[in-house]
Amino acid sequence: MDSQKEALQRIIGNLANKNDEMQNFIDTLNHALKGVQANSASVIGDLDEEFDSLYSVLDEMKESMTNRIKQEQAHKTQELQNQLTQCTSALEDAEELLEFSTRALSIKNPEEFSKAARQIKDSVTMAPAFRLCLKPKVSDNMTHLMVDFSQEKKMLQALKFLPVPKAPEIDSDKCLVADNCITVKWKTPEEDSKIDHYILEYRKTNFEGLPRVKDERCWEIVDNIKDTEYTLTGLKFDSKYMNFRVRACNKAVAGDFSDPVTLETKALVFSFDGTSSHLNLKVEDSWIEWDSTGGKGQETKVKGKENKGRSGTPSPKRTSVVTRPPSVKGTRDRFTGEAYTVLGDVVIESGQHYWEIKAQKDCKSYSIGVAYRSLGKFDQLGKNNISWCIHVNNWLQATFSAKHNNKAKPLEMPVPDRIGIYCDFDGGQLSFFNSDSKQLLHTFKTKFTQPLVPAFMVWCGGLTLYTGLQQPSFLTSLEKNDSEMNGSSSGIINGD
């Protein structure tokens, strides 16, 4: 009966997953249908614009060439008209001279005839008819302005849609996710010398498998990539996965997207739990700061025997209450007394995790580490057997130490600007590193018997939290040589 029930539950789970997959595919098809309609209307509009532009160019060329013909016509008409006018006038003068010469032949008086002959001779010498060129200055031929668009017609008839680059193929086996960087590599299905660049798009998601149409996140775009790989750096892994797709572009148009690839981006993401914080701490999601005026009224009740026998960080005076928006994350009492502490809003029960902390430069005292959830509201980090931390004190006498179970081991090295915390719950290891130089500061080795929470203490200063960080690659090599790590000069304190 139980085995059948388990088998039925597996079948139900498989059916639910398949239904979810089919629903996502239906959403994808509906989205594609809408895209076909919208994109078809868009390219038809582009086609209309291109042809209108072509028509406009042809109209402009026709108008320009027509004007050229009309100018040639006007020029030749004017030249011929001028010649015609001159010749007509010369002909009239010549006819008058001819008539005068004919009458002169009938003159009987020798003296008058001689005078008329001289006059006719002079007139003939000066007559326009003998000085005009009897050849048209211009021809009536207009064939030099004829056109033949047969080649252009062939070109127009050869018009076709632009060649589109084929979709690239992302090689998921060669893609690399390391140190909060992702390198995506792809290839083209065939050689295409006309490809000018690539466009890479990516987005974060909490769904494994194919990208979902209804995913709430927008695609981020990286344009003008000249190579067939690209590395995204400085990412915050605040989602379980990231989708990637790429398309090739020539000088004119972009091709289809590649099949999308989903890569896992596993990292611990958490914030400060404001409901657990001491009232003298101002708390944001990733930032805390000491506030000497916080907690008046609430904190004045914590006196006498509650503070009796507690040493360490002095307790400044409090004069007012810090108001905070309500939160549903916390279910425990606030830290109080001299435990100026706040916890992370995450519980660590297994696996390997990494986060970083940066302190303000003028911070007088702070501790960072982990603790069991049973840490009391008066308990200070490192002063009991259920918390592990490194402590920095810049007040009065500067100290840098690793603390657990009220024991401290001095750390003989400079305090880094930014400290990395690595917690291997299953391996029973808590290590602290210089985030910049990767230097190991200290390692605790123990067996964690209860769930852990990140824990932070600060006095007269502030801390900034960095999460969504992948386990750094340099830790892998350190894990392979555990004996070398144990023999480091930082030393190890064994926990309970």
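Over the ring of which residue does the charged end of Arg 418 sit? In this predicted model, the ring is that of Tyr 466, with the charged end of Arg 418 placed 3.5 Å from its centre.

Aromatic pairs number 13 in the structure. In one of them, Trp 290 and Tyr 340, the ring centres are 4.8 Å apart and the planes meet at 85 degrees; because planes over 60 degrees apart count as edge-to-face, the pair is assigned to that class. Trp 290 belongs to strand 11 (residues 287–290), whereas Tyr 340 is in the loop between strand 11 and strand 12 (341–343), so that the pair links distant parts of the chain, 50 residues apart. Trp 290 counts as buried at 10% relative accessibility, and Tyr 340 is buried with a relative accessible area of 0%.

Trp 290 also pairs with Trp 459, with ring centres 6.5 Å apart and planes at 65 degrees, so this pair is edge-to-face. Since Trp 459 lies in strand 21 (residues 452–459) and Trp 290 in strand 11, the contact ties together parts that are 169 residues apart in sequence. Trp 459 is buried, its relative accessible area being 5%. Together with Trp 395, the residues Trp 290, Tyr 340 and Trp 459 form one aromatic cluster.

Helix 2 (residues 110–126) has 17 residues and should span 24 Å at 1.5 Å a residue; its end C-alpha atoms are 25 Å apart, which agrees. The N-terminal end of helix 2 is capped by Asn 109, a side-chain oxygen of which lies 2.8 Å from the backbone nitrogen of Glu 111.

Terms used: Residues are numbered from 1 along each chain as its sequence is written. This is a predicted model: local features need pLDDT of at least 70, side-chain atom pairs count only at pLDDT 80 or more; totals for chains, interfaces and linings use all residues. Side-chain values use heavy atoms; hydrogens and water are left out. Helices (H or I, at least four residues) and strands (E, at least two) are DSSP runs, numbered from the N terminus. The expected span of a helix is 1.5 Å times one less than its number of residues. A polar contact is a pair of N or O atoms within 3.5 Å; within protein, one must be able to donate a hydrogen and the other to accept it, and residues adjacent in sequence count only if both atoms are side-chain atoms. Rings of Phe, Tyr and Trp (its six-membered ring) pair if their centres lie within 6.5 Å; planes under 30 degrees apart count as stacked, over 60 as edge-to-face and the rest as tilted. Buried means under 20% relative accessible area, exposed over 50%, partly exposed in between (1.4 Å probe, protein chains only). A charge sits over a ring if NZ of Lys or CZ of Arg is within 6 Å of the ring centre and within 35 degrees of the ring normal.
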